[in-house]
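Welcome, and thanks for taking a look. Have the chain open beside you as you read this short tour.

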Amino acid sequence: MTTINDDMASLQTAATAAIADFADVTVRGYLKEHPDLVVHRLDLLASMIERVRIAVIRDRAASPCPPHPCVAAEHAEMVAEYTEHTCDCDFCLCGS
Ligand SMILES: [Zn+2]
């Protein structure tokens, strides 16, 4: 049985690798990794997204709230915060 920490580590790894896959396809025009490995992480991420999306639908139905005033601006703020941080991590996109 996996713990939530195991799941989060797996999803973090899949998300980071999928971002690299995206960059490979966008910049190089082809995948660098084996397609079976790429599709495995896409399946992991798709399962996570489906589960969270179900929670969004459930929570909206249970407790309707007014629309968020500016999701794009709040996300851009989070992106800026991430981009501006520095660390020595080999795994983080802002790492060494
Ligand atoms: Zn970092």
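Which pattern does the chain follow when read along the sequence? The pattern is α-α-α.

## Ground rules

Residue numbers start from 1 along each chain, following the sequence as written. The model is predicted, so local features need pLDDT of at least 70 and side-chain atom pairs count only at pLDDT 80 or more, while totals for chains, interfaces and linings use all residues.

## Overall form

The chain has 3 helices and 0 strands; these are DSSP runs numbered from the N terminus, helices being H or I of at least four residues and strands E of at least two. Its C-alpha trace spans about 45 × 35 × 30 Å along the principal axes.

The radius of gyration is 17 Å, whereas a compact globule of 96 residues would have one near 12 Å (taken over C-alpha atoms, with a globule rule of 2.2 Å times the number of residues to the power 0.38).

## Two domains

The domain assignment gives domain 1 (4–65) and domain 2 (67–96), with bounds from an automatic or database assignment. Their C-alpha centres are 17 Å apart.

## Where H1 meets H2

Helix H1 (residues 4–28) packs against helix H2 (residues 35–62) at about 120°, the axes lying 9 Å apart. Axes are lines fitted to C-alpha atoms, for helices over the stretch in contact, and angles run from 0 to 180 degrees between N-to-C directions. H1 and H2 are therefore oblique to each other (under 35 degrees is roughly parallel, over 145 roughly antiparallel, 65 to 115 roughly perpendicular, and the rest oblique).

Among the residues making the contact are Leu 11 and Ala 14 of H1 and Leu 42 and Met 48 of H2; contact requires C-beta atoms, placed from the backbone, within 7 Å.

Technical notes:
Contact = placed C-beta atoms within 7 Å.
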